[in-house]
Amino acid sequence: MILITGASGQLASMVAERARQNGLAVVTASRSPDADRQIDFDQPDTLDFSGVDTLLLISAGYAEDDVVMRRHGAVLAAAARQGVKHVIYTSLSKASDHLGFALAHRWTERQIMASGMDWTILRNGLYAELIGALAAPRDGRITTPFGEGGISAVARSDLAEAAVAVLSDPAAHAGKSFELSGTKAFCLPELAARLGCPYEPTSLEAERVRLATLPLPPFQAPMLLSICSAAAAGFLQTDASDLETLVPQPQDAFAVACAAADSARQT
Ligand SMILES: NC(=O)c1ccc[n+]([C@@H]2O[C@H](COP(=O)([O-])OP(=O)(O)OC[C@H]3O[C@@H](n4cnc5c(N)ncnc54)[C@H](OP(=O)(O)O)[C@@H]3O)[C@@H](O)[C@H]2O)c1
């Protein structure tokens with residue numbers, strides 16, 4: 001049996017739907033009452049992996065590093081104890097190594113590799129939907145300080161398809177890490193041109209001041225600023241991608257980002 005965590009989330013719900021369409025026996029888990037199993041990574045008593053052969057651990061990364069590491073560590077310990085054979089983990093691409101939330105992913109990868117369970121690491125690139133939402137025009141201009149370098153973002157649906165490809169035959173993908181960045185980078189000036197609005201990036205300091213006015217949890221502003229810094233430094237562009245190994249015909253990530261930016265447009 002396959003168990004997929006984060007089931008109420010956008011990535012896991014796509015994976016579960018596609019896996020079932022492909023005839024795989026899937027059990028979903030999250031804190032939501034709609035999931036097949038109610039599992040809360042913060043409540044060790046709820047970590048029920050009985051009967052599970054393959055665990056798709058979708059990262060629960062919207063928190064400080066210590067919280068994320070505690071969550072993932074508890075899941076892996078419970079999974080190993082309860083006889084899970086293979087863990088597939090949605091990590092973060094190598095190109096994202098300078099992001100503020102990369103450390104907890106790398107820590108989790110190490111724990112998985114030392115766990116004794118078989119493993120597959122899906123090193124997901126940044127979602128095109130996320131880049132688009134962060135680059136949404138405000139008052140007719142795009143001001144997000146992403147610089148002018150390329151960003152190798154990837155459509156979330158491609159990452160779901162990649163996960164289903166591995167779930168369909170875990171043994172064939174055991175002991176492998178896949179870099180799943182987008183295969184065609186795009187930059188903010190291109191996105192602004194497509195949306196028909198000027199690109200006038202602010203400074204990182206001005207962005208930090210703007211974020212401080214928003215009702216964000218404390219960890220989130222540094223997390224978002226690290227995406228700006230890495231993009232502006234050109235570190236989010238990479239040619240290292242195994243995406244087409246698992247997803248033969250990837251989506252147009254630029255089009256996905258533009259649609260997300262357009263729908264999040266603030267007047
Ligand atoms: N590559 C990227 O660009 C990128 C961007 C943002 C995030 N991420 C990472 O990728 C993951 C999946 O992305 P997504 O778009 O599907 O995010 P999402 O829609 O926010 O879903 C996150 C899921 O994490 C689950 N979760 C959070 N805290 C949990 C806990 N304590 N115990 C159990 N489950 C918990 C939530 O389930 P319940 O609330 O129902 O329990 C939710 O279903 C995120 O969680 C994050 O770690 C990647």
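Visitor: Which handedness does the crossing of H6 and H10 have?

Guide: In this predicted model, H6 crosses H10 in a right-handed manner.

Visitor: What else describes the packing of two helices?

Guide: In general, one states the angle between the two axes and the distance separating those axes. Here, helix H6 (residues 188-195) packs against helix H10 (residues 253-263) at about 60°, and their axes are 10 Å apart. H6 is therefore oblique to H10.

Visitor: Which residues of H6 and H10 meet?

Guide: From H6, Glu190, Leu191, Arg194 and Leu195 meet Phe254, Ala257, Cys258, Ala261 and Asp262 of H10. By class, this contact comprises 6 nonpolar and 3 charged residues, with no polar ones.

Visitor: At what angle do the axes of H1 and H5 cross?

Guide: The axes of helix H1 (residues 10-21) and helix H5 (residues 156-167) cross at roughly 50° and come within 9 Å. These two helices are therefore oblique to each other, and the crossing is right-handed. H1 contributes Gln10, Leu11, Met14, Val15, Arg18 and Ala19 to the contact, while the residues from H5 include Arg156, Leu159, Ala163 and Leu167. The contact of H1 with H5 divides into 9 nonpolar, 2 polar and 3 charged residues.

Visitor: How many residues surround the ligand?

Guide: The ligand is surrounded by 23 residues, the closest being Ser8, Leu11, Arg31, Ser59 and Tyr127. Leu11 also belongs to the H1 side of the contact with H5.

Visitor: Which polar backbone atom lies 2.8 Å from an oxygen atom of the ligand?

Guide: That backbone atom belongs to Tyr127. A ligand nitrogen atom lies 3.0 Å from a polar backbone atom of Gly125. For Asp40, an N or O atom of the side chain is 3.2 Å from a nitrogen atom of the ligand.

Notes
Residues numbered from 1 in each chain as written. Predicted model: local features only at pLDDT ≥ 70, side-chain atom pairs only at ≥ 80, totals over all residues. Heavy atoms only, no water. Axes fitted to C-alpha atoms, helices over the stretch in contact; angles between N-to-C directions. Helix = DSSP H or I, 4+ residues; strand = E, 2+ residues; numbered from the N terminus. Parallel < 35°, antiparallel > 145°, perpendicular 65-115°, else oblique. Left-handed = near helix turned anticlockwise from the far one by under 90°. Contact = heavy atoms within 4.5 Å. Nonpolar A, V, L, I, M, F, W, Y, C, P; charged D, E, K, R; others polar. Near = heavy atom within 4 Å. Polar contact = N/O pair within 3.5 Å; in protein donor to acceptor, adjacent residues only side chain to side chain.
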